Amino acid sequence: MHTNESPERSIVPLEHRVARETFAGLSDGLYAGHSQFSELRENHLQASHKTIEAAAQMALDRVEPGNTARAIIFGAGTCADIPLARLAASFGHTTLVDVSIQYTLQARDSLPMPLRSKVEVVAQDITGIIDEATAWMAHPFDSHHAYLSCAANVFAGIRPCDKVPKFEEPYDFVASHLVHDQFGPSLARIVREEAYKRFGFARSSSGAHWHDRYWREQKALDDRLQQAHFDLLADTVNSSGVVHFAGSYNFRYNDQPRAGRRPIDLLGGRFALLSEPQEWQWRLTPGRLCDVAAYALQVAE
Ligand SMILES: C[S@@+](CC[C@H](N)C(=O)[O-])C[C@H]1O[C@@H](n2cnc3c(N)ncnc32)[C@H](O)[C@@H]1O
């Protein structure tokens with residue numbers, strides 16, 4: 001049960017059942033993984049806390065005395081990798097945003113009451129396009145080819161930069177922690193889950209057997225989503241505020257080569273670095289790992 005002192009909003013709940021179920025399933029998997037592989041993930045969780053705290057401190061140092069310091073975390077999820085109690089204690093107001101908030105609410109509600117009342121949980125798709133990108137799935141299709149052709153056409157027409165949500169008051173600290181790299185893969189998963197139910201289509205994430213044009217359009221949309229995410233960060237932080245941006249890349253099994261682009265390559269000239277980039281490995285399971293890079297940024301002049 002939530003009290004009046006623990007505000008929560010659901011601005012844009014997802015319309016499509018498959019989208020809601022897919023995101024809830026991903027959150028369950030994340031939560032279960034953090035618990036099953038807690039020792040393995042300890043290094044990642046500590047590095048996440050440390051970099052977020054350092055960037056948050058830079059933001060706090062810039063807040064004018066007497067002003068209420070405000071923080072927002074995009075992709076808060078389970079909050080296992082977010083120093084939530086520290087943020088809630090240091091900022092006058094903290095907003096946690098995720099498309100799937102069941103574990104975010106749990107994390108907020110496990111805070112001591114004086115801190116809980118300063119933390120707001122918002123259920124929102126921060127790309128603003130998931131409903132548009134999944135509404136077509138309500139139609140009947142004769143074949144998986146027709147289904148994926150329709151997905152390709154819809155994806156090709158989506159312009160995410162006009163759709164990202166607006167947060168009214170700017171924030172002194174904006175954190176985007178391991179969320180920008182989820183947009184494309186999550187959409188692909190929603191499409192796959194439905195294709196699996198309708199056509200018995202493979203659930204695996206390998207792209208090789210997919211419809212070529214669908215695959216290309218999904219990748220192109222993912223690139224546009226990532227760029228639109230930087231608009232969201234720049235629009236949400238106040239002009240003297242600090243952005244913590246962390247991304248995972250190079251997902252691989254132990255002996256596979258690393259090939260991915262560092263998240264900083266995506267930023268273009270829109271942000272300036274405030275400190276040395278931090279990098280570490282996140283071992284998700286005994287065999288699976290990825291690299292993580294985190295940046296403390298301000299909007300470039
Ligand atoms: C890898 S997790 C980030 C780590 C997370 N703080 C945790 O450990 O629980 C990515 C988070 O981003 C959220 N997410 C993915 N796409 C989203 C979207 N379009 N809008 C808002 N949240 C999204 C997921 O629900 C998930 O909680």
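Modeller: Gly75, Gly77, Thr78, Val99 and Ile126 come nearest to the ligand, among 24 residues around it (a residue is near if its C-beta atom, placed from the backbone, lies within 6 Å). Two elements give two or more residues to this shell: helix 1, residues 17-36, and helix 8, residues 183-199. Helices (H or I, at least four residues) and strands (E, at least two) are DSSP runs, numbered from the N terminus. Helix 1 gives the largest share of the shell, 4 residues. By class, the shell holds 12 nonpolar, 9 polar and 3 charged residues. Here Ala, Val, Leu, Ile, Met, Phe, Trp, Tyr, Cys and Pro are nonpolar, Asp, Glu, Lys and Arg are charged, and the others, Gly among them, are polar.

This is a predicted model: local features need pLDDT of at least 70, side-chain atom pairs count only at pLDDT 80 or more, and totals for chains, interfaces and linings use all residues. Numbering starts from 1 along each chain as its sequence is written.

Now see how the two shell helices meet. Helix 1 and helix 8 pack at about 115°, with axes 9 Å apart (axes are lines fitted to C-alpha atoms, for helices over the stretch in contact; angles run from 0 to 180 degrees between N-to-C directions). Helix 1 makes the contact with Val18, Ala19, Thr22, Phe23 and Leu26, and helix 8 with Ser186, Arg189, Ile190, Glu193 and Glu194 (C-beta atoms, placed from the backbone, within 7 Å). That contact has 5 nonpolar, 2 polar and 3 charged residues.

Stay with helix 8. Its axis and that of helix 9, residues 212-236, come within 8 Å and cross at roughly 140°. That makes helix 8 oblique to helix 9 (under 35 degrees is roughly parallel, over 145 roughly antiparallel, 65 to 115 roughly perpendicular, the rest oblique). This crossing is right-handed too. Helix 8 brings Phe183, Gly184, Leu187 and Ala188; helix 9 brings Gln218, Lys219, Leu221, Asp222, Leu225 and Gln226. Those residues divide into 5 nonpolar, 3 polar and 2 charged.

Helix 8 has another partner. The axes of helix 7, residues 144-157, and helix 8 come within 11 Å and cross at roughly 160°. The two are therefore roughly antiparallel. Again the crossing is right-handed. His144, Tyr147 and Ala151 of helix 7 meet Val191, Ala195, Arg198 and Phe199 of helix 8. Their contact counts 5 nonpolar, 1 polar and 1 charged residue.

Last, the strands. Strand 5, residues 171-177, pairs with strand 6, residues 237-253, in the parallel sense over 6 bridges (pairing needs at least two DSSP bridges). Phe173 has Val242 of strand 6 as its bridge partner. Strand 6 also pairs with strand 9, residues 288-299, in the antiparallel sense over 9 bridges. There Arg252 has Leu289 of strand 9 as its partner. Strand 9 is joined by 6 bridges to strand 8, residues 278-283, and these two run antiparallel. Gln278 stands opposite Ala294 of strand 9. A hairpin of 4 residues joins strand 8 to strand 9.

Definitions and conventions:
Left-handed = near helix turned anticlockwise from the far one by under 90°. Contact = placed C-beta atoms within 7 Å.
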